[in-house]
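Biologist: Hey, I'm new to this one. Could you walk me through it?

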Amino acid sequence: MNIKLNEDWLATLIGLLIVAVVGLGVLGPGPQNVTLKASPGEADSAQVSPGAGAQVSALLGDAAVSVQDGGEGLLFLCEAGNIRVTTAAEQASRLADVPLGEGNLALINDCGQPAQITYKTSAAVRWPLLNLFNR
Amino acid sequence: MTAQTNAVTPVRQTERGGLLIGLALLVALTLLVAELDGALAAFFRGQGVAQNLLEYPLTAVLVGLAANFVLRSLKLHAWLKPAMRTELFLKIGLVLLGARISLRDLLATGAGGLIQALVLVTAVFFFTWWLAGRFNLPPTLKAVMASAVSICGVSAAIAAAGAVQARREEVTYISTLVILTALPLMVLMPFLAGAMGLPPQVAGAWFGGNIDTTAAVVGAGTLYGPEAQQVAAVVKLAQNVLIGFVAFALALYFALRVERDSGQRPSPRMIWERFPKFVLGFALVSLLATAGALTPPLVRELNTATQWMFALAFVCIGLDFSLTSLREAGWKPVLVYLSATVFNTLVALAAAWVIFGLAGVAAG
């Protein structure tokens, strides 16, 4: 069977397909919304698909706190009343005794109150090739 | 299987081979454009200029022209022609462009942009139409040119071309003129605005109302300052909204008037056949944006997808360029286009001055 589509309809179809693929995250990890909670001296972790432009919000006790360097790293440390991104090296040297679990997103709570972070990414597929014109 | 089918199959296979290799070549050339664009942006940053003054459409056309020369020298141009689908890439880009056209955002950013867009598009469209008529340009070229000058360059030209069933050469011709005039205007207008001491709001509205490509509008605004950039983008956005309405009006006009003059009986079916259906895709994506279904990161990603489609199309314009067809069209369309651009420049300045200066209507 030979189906011939008018160019206008073909363009519409391809355009809407791109919107669906990029918008619904068909090719990517899709939208993510993961919350980690850790009591003082403990850690929590979960598996996420790292995505540029992720938003991280945090609670210390019941109060919202800002996350230092949020959105770039996946290992978070609560220390001296602040929640910040830490490195694997720092975690290995200082916090090796805290069991992190299997996930790549982790929160280590070295504060005196319960800590919580929420990691969010949108559904949009971030395709590095597409962003070549935005450098 | 008949002998005739046997004869046709190798031809189809050759065409398919040309299409696939041509598409691969197009993607490779567009990647080259992206690399050059990044290198140029880095060069300008090194010179203390935040904006890449040589926009990617121009880079893409130049890369396409260079490849055009090589392919013609190697006698491969005709074989790869099936992949040069300028209109298809532009139409896909236009559907995606709908993501940036949120009526809610537009209304929230102020009435100034909408008022100016309506005044300018009407005045410039009819002036160009009239002038092109005086020079006896064909109705299809008149429609494509008037839409390009008055609304938003290549995108509007494509939408209008679909509505009036213009020839491919006419679209390529107008697209080349749009790109060639946008670049000097992007640099010249901020300089003139500075010399005239225009306030940022007025300058931004002037850039947005006059320069034909969205990228060049943002570029000119950036050169003048953040406030001018914001107003320029809003005014341009307001003009872009009118693409669909103008395409529909043109389809209606050509079906009811031009075709009737040529003896054809107008009918709803004829209007529907003329109507550029991809405008429906554009409207649907725009409705999604208006309904808030498209998040800001998604709009950003779709914007880069639009740029890719437009870059592919501009490479095709360079690849498809033929000096012969330009010579055949003569100097009249160039003269009309340049005169319409000058008219647009003056009317846009007056409208920006009255709406954003004297009346003090806010754009953002």
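This is a predicted model: local features need pLDDT of at least 70, side-chain atom pairs count only at pLDDT 80 or more; totals for chains, interfaces and linings use all residues.

Biologist: Okay, how many residues of chain B are in contact with chain A?

Modeller: 38 residues of chain B, and they touch 25 residues of chain A. Contact here means heavy atoms within 4.5 Å.

Biologist: And what area is buried between them?

Modeller: About 2700 Å², with carbon and sulfur atoms giving 68% of that. Buried area is the accessible area (1.4 Å probe) that two parts lose on being put together, summed over both. On the chain B side, B:Lys277, B:Glu301 and B:Trp308 lose the most, together 20% of what that side buries.

Biologist: How many salt bridges cross the interface?

Modeller: The rule finds 3, counting a side-chain nitrogen of Lys or Arg within 4 Å of a carboxyl oxygen of Asp or Glu. One salt bridge links the side chains of A:Glu7 and B:Lys91, at 2.9 Å from N to O.

Biologist: Which elements of chain B give two or more residues to that side?

Modeller: They are α1 (3-46), α4 (86-97), α15 (278-290) and α16 (296-320) of chain B. α16(B) gives the most, with 11 residues. Helices (H or I, at least four residues) and strands (E, at least two) are DSSP runs, numbered from the N terminus.

Biologist: Switching topic: what's the strand order in the 4-strand sheet of chain A?

Modeller: The order is β1-β9-β3-β4, in an open sheet with antiparallel pairing. Two strands pair if DSSP finds at least two bridges between them. β1 (32-38) and β4 (63-65) of chain A each have a single partner strand, so one side of each has no neighbour in the sheet.

Biologist: How many bridges join β3 to β4 there?

Modeller: 3, between β4(A) and β3 (residues 55-60) of chain A. In that region A:Leu59 stands opposite A:Ala64 of β4(A).

Biologist: And the 5-strand sheet, what's its pairing?

Modeller: Mixed: chain A has an open sheet in the order β2-β8-β6-β7-β5. Its edge strands are β2 (43-46) and β5 (67-68) of chain A, each pairing on one side only. β2(A) runs antiparallel to β8 (residues 105-109) of chain A, joined by 4 bridges, and A:Ala43 stands opposite A:Ile108 in β8(A).

Key. Residues are numbered from 1 along each chain as its sequence is written. Chains are lettered from A and ligands numbered from 1 in the order in which they are written. Side-chain values use heavy atoms; hydrogens and water are left out.
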